[in-house]
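Me: I am new to this structure and would like to learn how to read its pockets and its sheet. Could you walk me through them?

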Amino acid sequence: MGAAGMGRTQAVNQGPPAPAEALARARAAVQAAGRIVAVTGAGISAESGIPTFRGAGGLWRSFRPEDLAAPEAFQRDPRTVWEWYAWRRGLIAACVPNPGHDALARLALRQGHTTIVTQNVDGLHTRAAEIQAGGGDPTPAIPVEVHGAIDRDLCSGCGVRSPGSHSIEVSSVETLPRCVVCDALLRPDVIWFGEALETRVLSQAFSMAGQADVCLVAGTSALVHPAASIPLATLEHGGMVVEVNMEDTPLTRHAAISLRGSAGALLPALLDADDLP
Ligand code: BV8
Ligand code: ZN
C-alpha cells in the first residue's frame with residue numbers, strides 16, 4: 001500500500017467509468033510496449049488535494065498565470081509572488097502521493113524501460129518512487145521535472161540552488177529569503193512563463209519520448225508548450241499515445257486511446273501487473 005493508503009487523498013468526481021474495452025486495449029498496449037514514457041500534469045495530483053491550474057477551483061482561476069508565474073511579476077512584486085509560492089509549498093507539504101502516482105512508480109520500478117516526465121513541480125512522483133521502492137533504489141521511478149521543483153530555491157543573482165525553506169516570512173520584501181553567497185533575492189526553482197526550459201532536461205524528455213512505443217499522458221490540459229508537444233515525438237517515431245483525462249484536450253485527437261476518468265482510478269487499473277496482490 002502506497003502512502004496514499006495511509007494519507008488522506010481527495011475523492012474527486014471520477015466521471016463515467018472508462019469503457020472496459022478501451023481499458024483492455026490500453027492495458028494490452030502498455031504490456032506489449034518495450035519503452036514507455038509517461039507525461040503527467042496537474043491532474044495527476046488533484047486526488048492528492050493539490051488544485052489544478054485551469055480547472056474549477058484551480059490555482060490560476062483567480063488570476064492569470066502571467067500575474068505570478070512570470071519573471072516580470074517577480075521583478076515587479078516579489079513579495080506577492082513569494083506569498084503565493086509559500087502558500088503552495090505549505091499545501092503540498094500536507095499532501096501525499098495518490099494511487100495514480102503509486103501505480104506509475106510501480107510500473108517504472110518493475111518494467112525498467114519507463115520514463116516519467118512531469119510538468120508538475122510538487123515532487124509527488126519522487127515521493128511515490130521512494131515509497132514504492134520500499135528501501136530499494138527509487139531511481140527508475142524518479143521523474144524528469146521539466147518545469148522545475150517548488151521545494152527548491154534558486155538564487156536570482158548567481159544561480160545557486162538550495163533546499164527551499166518552509167518558513168518564509170512574506171510580510172515585506174525585506175523579510176524575503178536572500179542568497180548567502182551574493183545576497184540577491186532567492187526565487188522558487190521553477191520555470192516561469194516566458195522562461196526557457198533547461199535544454200538538457202527538455203532534450204532528455206523529447207529523446208525518451210522519441211524512442212517510446214507508448215506515451216501515456218495523464219492529467220494534463222496539453223496547453224503549455226513546449227511540454228505539450230513531448231507526446232508528439234512518440235507519434236513521429238511510430239509509437240502511440242494513450243491519454244487519461246477527465247475531459248478532451250488538444251491531444252485527444254492524437255491519442256489512439258483516450259480514457260475518461262481520474263488518474264487515481266484509471267492508472268492502477270491500466271498499469272498494475274496481473275499478479276499484484
Ligand atoms: C517558453 C511552473 C520560450 C510554475 C509552469 C503566448 C504568449 C506567451 C507565451 C506563450 C504564448 N504561446 C505559447 C507560449 C509559451 C508558453 C505557453 O505555453 N503558454 C500557454 C499558457 C499558451 N510557455 C512558456 O512560456 C514556456 N517557456 O516557451 O519559453 C523561450 C525560449 C527561449 C528563450 C526564452 C523563452 C514555459 C512554460 C512553463 C510555465 N510554468 N509551471 C508554477 O507551477 O508555478 S506551467 C504550469 O502549467 C504547470 O507546470 C502545469 O503543470 C502546466 C500545465 O498545466 P497542466 O499540468 O496541464 O494543468 P491544467 O490545470 O492546465 O490541466 C489539468 C488537467 O488535468 C485538465 O485537463 C483536467 O481535465 C485534468 N484532470 C483534473 N483532475 C484529474 C484530471 N485528469 C485525471 N485525473 C484527475 N483526477
Ligand atoms: Zn546568489
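Me: Let me start with the second largest pocket: how many residues of its lining are nonpolar, polar and charged?

Reply: Its lining has eight nonpolar, two polar and eight charged residues. Please keep in mind that this is a predicted model.

Me: How is such a space found, and what volume does the second largest pocket have?

Reply: The general idea is that rolling a probe the size of a water molecule over the atoms shows where empty space is left. In this case, the second largest pocket holds about 300 Å³ of space.

Me: Which residues should I look for around the centre of the second largest pocket?

Reply: Its lining counts 18 residues, and those nearest the centre are Glu 145, Gly 148, Arg 152, Glu 198 and Val 201. At least two lining residues come from each of β3 (144–145), β4, β6 and α8 (199–209). Domain 1 (3–48 + 96–147 + 197–271) and domain 2 (58–94 + 150–190) each contribute at least three residues to this lining.

Me: You mentioned β4 and β6. How do I read the sheet, and in what order do its strands come?

Reply: In general, strands of a sheet pair through backbone hydrogen bonds, either parallel or antiparallel. Here, three strands make an open sheet with antiparallel pairing, in the order β5-β4-β6. At the edges are β5 (161–163) and β6 (186–190), each of which pairs on one side only. From one strand to the next, the twist averages 45°.

Me: Over how many bridges do β4 and β6 pair?

Reply: Strand β4 (residues 148–155) pairs with β6 over five bridges, in the antiparallel sense. As one example, Gly 148 has Val 190 in β6 as its bridge partner.

Me: Now for the largest pocket: what is its volume, and which residues are closest to its centre?

Reply: The largest pocket contains about 1,000 Å³ of space. It is lined by 46 residues, with Ala 42, Gly 43, Thr 52, Phe 53 and Arg 54 closest to the centre. The elements giving two or more residues to this lining are α5 and β8 (240–245). By class, the lining has 23 nonpolar, 18 polar and five charged residues.

Me: Why does the largest pocket lie between domain 1 and domain 2?

Reply: It lies between them because both domains give residues to its lining.

Technical notes: Residues numbered from 1 in each chain as written. Chains lettered and ligands numbered in written order. Predicted model: local features only at pLDDT ≥ 70, side-chain atom pairs only at ≥ 80, totals over all residues. Heavy atoms only, no water. Pairing = 2+ DSSP bridges. Helix = DSSP H or I, 4+ residues; strand = E, 2+ residues; numbered from the N terminus. Axes fitted to C-alpha atoms, helices over the stretch in contact; angles between N-to-C directions. 1 Å grid on protein atoms, 1.4 Å probe; cavity = no way out; pocket = protein on both sides within 12 Å on 5 of 7 lines; lining within 4 Å. Points joined across faces, edges and corners; volume = space filled by probe spheres on them. Nonpolar A, V, L, I, M, F, W, Y, C, P; charged D, E, K, R; others polar. Domains from an automatic or database assignment.
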